[in-house]
Amino acid sequence: MDKHTTYKWWKEAVGYQIYPKTFYDANHDGHGDIQGIIEKLPYFQALGIDFLWICPFFDSPLDDNGYDVRDYYKVHENFGSMQDIKTLITTAKKYNIRIIVDLVLNHTSDEHAWFMDVKNNPDSKYRDYYIIQKANQKMPPNNWGSFFGGSAWEKLNDDEYYLKIFSKKMPDLNWANKELRSALYQIALWWLELGVDGFRIDAIAHIAKDTTYENSTLKSETMFVSDWSKFSNLPQVHAYIREFHEEVLAPNDAFAVGEVGGDPSIEDVLKYCAFDRKELDVTFTFDHMWCNNIDTATSLANLKTNVQELKEKLEYWQVSLIKRAWYPLYWNNHDFNRVVSNYGSQKYPQQSAKALATLMYGMWGTMFIYQGEEIGMENYPFTSIDQFEDVQAKGQYAATPTSQKEAFLKKLIMTSRDNVRTAMQWDDTTNAGFSPVKTDILIHPKYKEINVQQQMQDPNSVWQYYKKIIKLKKSNKTFIYGDIVFKDVIDEQVIQYERFDDTNHYLIIVNLGEYECVIEIPKVISIVLTNTSVTAICETTLTLAAYDSYILKIK
Ligand code: GLC
């Protein structure tokens with residue numbers, strides 16, 4: 001049987017990711033909430049959304065905005081109550097919208113009852129739920145660095161450290177302990193029982209560690225080494241995920257998308273989600289997110305997309321995975337800067353937002369839109385370190401030597417996750433319609449120009465373009481299951497690929513540059529979608545202005 005075309009609801013569905021804190025404040029306390037999501041269900045329906053991935057709303061000290069879970073069975077009071085979640089699930093069903101929750105299983109908060117017991121009780125039965133090692137002459141057990149800057153270890157007491165590959169308030173769980181694994185599966189089963197359709201599984205690539213705990217031998221300028229291989233994509237991960245699949249996912253036919261960082265290869269990814277692996281359904285990888293000079297650029301003005309590299313990355317994943325595993329299509333999530341700022345144009349922001357949508361969502365895979373992407377929201381114009389709220393930004397800034405802090409701040413302004421955590425821009429009223437009361441959530445100054453209300457009314461808006469592309473994808477199976485072939489990049493700025501099956505043949509053309517260029521094209525039968533005003537193409541050459549894009553029927 002052809003597993004590529006075997007029906008699964010999530011292959012044909014369009015997902016929308018919500019960062020609840022900054023999405024919509026329904027109870028007027030200055031903070032986004034679950035009721036806010038419920039109120040916006042008609043909005044998702046209007047756009048064509050089939051499922052929502054909601055970032056963590058569990059009880060938490062919010063050190064990492066909820067990715068530090070204190071109680072998996074409780075909703076943080078800022079977001080509402082468990083009753084609100086139940087209402088969300090049942091109301092969403094009426095709109096044919098499914099809910100996916102963000103399961104954080106690599107670590108808990110240091111305020112989770114298990115870890116509190118470890119801290120307070122030397123004989124705690126939960127000690128082995130975490131990764132605790134002897135200090136090395138009063139220093140951390142080894143030189144491993146943390147994703148959030150500094151050491152990957154934090155002092156538990158005078159003689160011992162615990163592993164925390166993210167923040168010190170997020171101790172890593174010890175998946176080698178069977179009792180712990182069972183407790184985690186119970187959590188997942190409980191949420192499925194409540195009516196969710198699956199999970200986005202946080203940091204899943206890191207649940208197994210190199211248990212020799214030997215120093216990294218990678219060369220590093222800093223004392224603690226960013227050697228992700230010590231806790232990423234290790235063989236044991238798969239045994240754990242298979243067990244999770246068998247005990248949790250399979251009996252409930254639950255959807256699971258895993259976040260797989262740590263620089264995985266195609267072979268690594270196939271181990272997680274090849275059709276016959278019985279692990280996850282899809283995995284998020286990050287390869288296509290860094291195809292520009294963001295490491296050396298000093299401001300958005302001199303940021304330049306490496307179009308050739310971007311094409312190669314997209315092609316690599318699309319062509320290597322097709323018919324072997326399913327794929328998620330995304331430009332943005334809560335951990336990156338805004339795609340319009342990253343790969344789009346400062347001069348033509350809205351036109352480039354549409355071009356980028358054409359490029360990404362014309363490919364095969366499940367669409368994941370991140371809140372605000374559908375109206376082309378941009379990076380926030382940060383100017384100083386005090387404006388950042390993210391624990392990662394603060395941690396990395398603190399770990400940067402004083403002489404490099406200024407340069408690091410410039411980088412942070414472009415790359416920080418806080419860029420995508422500003423308030424959703426609903427309309428041109430107070431606080432962009434996010435909340436009517438005083439809020440400490442950042443409001444982007446361009447909200448009067450870029451907002452949902454205005455764009456829903458404007459036939460040429462980014463929002464309307466997203467709506468069209470979603471409709472196209474959902475009404476035409478060639479865009480879901482069709483094959484894909486990429487063409488050579490033209491003028492270092494034009495990416496082209498074809499999508500086809502026995503019935504249809506399409507050519508997708510995207511100009512990712514600010515310069516006009518002319519390309520040769522085959523005979524065009526019709527224009528399926530474009531962000532230009534062109535309505536027919538009779539010639540075999542096509543002039544592309546800045547960020548023009550087309551989906552053309554060619555056979
Ligand atoms: C994932 C999340 C990120 C979080 C981290 C630790 O990468 O996407 O937001 O900070 O895991 O949970």
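Okay, let's start with strand S5, residues 98-104: 6 of its 7 residues are buried, so the strand is largely enclosed by the rest of the structure. Buried here is under 20% relative accessible area, exposed is over 50%, and partly exposed is in between, with a 1.4 Å probe and protein chains only. Strands are DSSP E runs of at least two residues, helices are H or I runs of at least four, and both are numbered from the N terminus.

Quick housekeeping. This is a predicted model, where local features need pLDDT of at least 70, side-chain atom pairs count only at pLDDT 80 or more, and totals for chains, interfaces and linings use all residues. Residues are numbered from 1 along each chain as its sequence is written, and side-chain values use heavy atoms, with hydrogens and water left out.

So who sits beside S5? Strand S2, residues 51-54, pairs with S5 in the parallel sense over 4 bridges; pairing needs at least two DSSP bridges between the strands. Leu-52 has Ile-99 in S5 as its bridge partner. S5 also pairs with strand S9, residues 198-202, again parallel, over 5 bridges, and there Val-104 stands opposite Asp-202.

Moving on to S9. 5 of its 5 residues are buried, so S9 too is largely enclosed by the rest of the structure. In a regular strand the side chains alternate between the two faces of the sheet. In S9, Gly-198, Arg-200 and Asp-202 point one way, Phe-199 and Ile-201 point the other, and all are buried. S9 also runs parallel to strand S10, residues 255-259, joined by 4 bridges, with Ile-201 opposite Gly-258.

Let's zoom out. The protein has 16 helices and 20 strands, and buried residues make up 62% of its 555 residues. For 555 residues, a compact globule would have a radius of gyration near 24 Å, and the protein has 23 Å, which agrees; that's over C-alpha atoms, and the rule is 2.2 Å times the number of residues to the power 0.38. The C-alpha trace spans about 80 × 55 × 50 Å along its principal axes.

On contacts, meaning heavy atoms within 4.5 Å: among those between residues at least 6 apart in sequence, 71% join residues at least 24 apart.

Last stop, helix H13, residues 405-415. Its buried residues are Lys-405, Phe-408, Leu-409, Leu-412 and Met-414, and their cover includes helix H12, 391-399.
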